[in-house]
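Work through these exercises with the structure open beside you. Try each task before you read its solution.

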Amino acid sequence: MMPFAEKSVLLGVCGSIAAYKACDLASKLREQGAEVICALTASARQIVQPATFEALTGTRAITDLFVPAANPEISHIAVAQRVHLCLIAPATANIIAKAANGLADDWISTTLLATRAPVLFAPAMNTNMYTHAATQENIRILRERGALFVGPASGRLACGSEGPGRMAEISDILDAALIAASQQKDYAGKRVLINSGPNHEPIDPMRYLGNCSSGKMGRALALEALRRGAEVCVVTGPAAVSPPHGAQVISVQTAEEMYESVMLRMDSYDIIIGAAAVADYTPETVTPEKIKRQEKDLLLRLRPNRDIIASVAARKTPNQRVVGFAAETGDILKNAEEKLSRKQLDMIIANVIGGDSCAVGSDRGDAYILTQNQVAEHLENIDKNLLAKCIFDHLAALD
Ligand SMILES: Cc1cc2nc3c(=O)[nH]c(=O)nc-3n(C[C@H](O)[C@H](O)[C@H](O)COP(=O)(O)O)c2cc1C
């Protein structure tokens, strides 16, 4: 299932140098299943060509308020009523000011007044323009009316200055767009704590023991929870992928740091999910100097780390739900059932590792979902985003 399947997105492109990045955004939205309708302001058309967006989306780009009269499908009212999301990226100081004041003097500003779909702005502008009291007041007004914002990020801007004003990264805009376009908010008011990724257990200042967890499962779970309205905190080890935009992120290295961080927070969360590949063992001593190479065996003595999910389950209240993961190479169901019952979890997801269908580091995996009193569901070669959806569907069914 593609994340934006059956969603129509209006991508409004304004006159910022960041307009060239909107081409990539349009392309990725399309790749992820959205129908993308692009509209360009007159200033945007000085920077990028409508034909680029037409080629990337397969849909005619909208440029003028009056030309579409010949084509009722792309009139501002038709689009305003049809789309699931209006995404303005890049959003100039000008469009933000117009939207805040209800101006309707071109296609995009008129459509923003006519739509009742969620509106998400990705501002991009010079730092002085962004921090100007007028722009800040306009953003405040729009937020108060329910408009959503992603970014801007801080960094070096096209004009040479440094500070806030860079358009948010495309991946962050896509996360924010997915969350904004979702109508299913069955986890609104719920707080979800997820641990994710691998741990690095230090051996000396240079070396560590690690594992090949990518953090993709934790990311998929966090994004699904955010999409369905939950407040999400991710305690992540040094993973290859970052948690989604919108989640609170706590970065840790070792299993012990992850343990401390999760235990410190767990009481204020409704659902705690252990998706991290927590290091079971850590070197008994960390050598302060780099261990020199020698022509003889090197023995490392390891001691077990504390079991995070078992400790969470032991402390949970009746209103909390605890979900664990089990990566297994053999006797998948037997081992998962034993863990589910021994650790007193509400749900366990058993991943098959090793062989062709290895879930670790991959976008897909073979998984079983087991709950205390339900028959296991086997999901073969399933995309992790879809697996995350199934997990939250099963969790909802427990209540
Ligand atoms: C090269 C160039 C780059 C610009 N970049 C920005 C920008 O990043 N953000 C912004 O708010 N305005 C920027 N402007 C100014 C806007 O294009 C100008 O305010 C225009 O009226 C915006 O129109 P629009 O909101 O209809 O696209 C830029 C202007 C030029 C000439």
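The exercises below go from the whole chain to single residues.

**Exercise 1. The whole chain**

Task: Describe the overall make-up of the protein chain in this predicted model. How many helices and strands does the chain have?

Solution. 
Step 1. Count the elements. The protein chain has 13 helices and 19 strands.
Step 2. Look at the extent. Along the principal axes, the C-alpha atoms fill a box of roughly 75 × 50 × 40 Å.
Step 3. Check burial. The chain has 399 residues, and 44% of them count as buried.
Step 4. Check the contacts. Take those with a separation of 6 or more: 67% of them are between residues 24 or more positions apart.

**Exercise 2. An open sheet**

Task: Which strands stand at the edges, and why is one side of each left without a neighbour?

Solution. 
Step 1. Read the order. The five strands run 2-1-3-4-5, with parallel pairing.
Step 2. Find the edges. Strand 2 (35-40) and strand 5 (148-149) each have a single partner strand, so one side of each has no neighbour in the sheet.
Step 3. Follow one pair. Strand 1 (residues 8-13) pairs with strand 2 in the parallel sense, over six bridges.
Step 4. Name bridge partners. Serine 8 is bridged to glutamate 35 in strand 2, and glycine 12 to alanine 39 in strand 2.
Step 5. Check the cover of strand 2. Five of its six residues are buried.

**Exercise 3. An antiparallel pair**

Task: Compare strand 17 with strand 18. Do they run parallel or antiparallel?

Solution. 
Step 1. Find the direction. Strand 17 (residues 347-352) and strand 18 run antiparallel and are joined by five bridges.
Step 2. Pick one bridge. Isoleucine 348 has leucine 370 in strand 18 as its partner.
Step 3. Check burial. Strand 18 (residues 364-371) is mostly covered, with six of its eight residues buried.

**Exercise 4. Helices and their buried residues**

Task: Which residues of helix 2 are buried?

Solution. 
Step 1. List them. In helix 2 (residues 50-57), Phe53, Leu56 and Thr57 are buried.
Step 2. Look down the axis. The buried residues of helix 2 fall within an arc of 85°, so they line one face of the helix.
Step 3. Find the cover. It includes helix 1 (19-31) and strand 2.
Step 4. Go past the end. Glycine 58 follows helix 2, and its phi is positive, near 75°.
Step 5. Turn to helix 5 (residues 107-114). Its buried residues are Trp107, Ile108, Ser109, Thr111 and Leu112.
Step 6. See what they pack against. Among the partners are strand 1, strand 2 and helix 4.

**Exercise 5. Around the ligand**

Task: Describe the shell around the ligand. Which residues are the closest?

Solution. 
Step 1. Count the shell. The ligand is surrounded by 15 residues, and the closest are Gly15, Ser16, Thr41, Thr92 and Met125.
Step 2. Find the main source. Helix 4 (residues 93-101) gives the largest share, three residues.
Step 3. Sort by class. The shell has nine nonpolar, six polar and no charged residues.

**Exercise 6. Two single residues**

Task: Classify alanine 176 and histidine 132.

Solution. 
Step 1. Apply the cut-off. Burial needs 20 or more other C-beta atoms within 10 Å. Alanine 176 has 25, so it is buried.
Step 2. List contacts. Beyond neighbours within four places in sequence, alanine 176 touches Leu120, Leu148, Val150, His245 and Gly246.
Step 3. Histidine 132 has 14 C-beta neighbours inside 10 Å, so it counts as partly exposed.
Step 4. Take a distance. Histidine 132 and alanine 93 are 39 residues apart in sequence, and their C-alpha atoms are 9.7 Å apart.

How values were computed: Residues numbered from 1 in each chain as written. Predicted model: local features only at pLDDT ≥ 70, side-chain atom pairs only at ≥ 80, totals over all residues. Buried ≥ 20, exposed ≤ 12 C-beta atoms within 10 Å, placed from the backbone. Near = placed C-beta within 6 Å. Helix = DSSP H or I, 4+ residues; strand = E, 2+ residues; numbered from the N terminus. Nonpolar A, V, L, I, M, F, W, Y, C, P; charged D, E, K, R; others polar. Contact = placed C-beta atoms within 7 Å. Pairing = 2+ DSSP bridges. Arc of directions from axis to C-beta.
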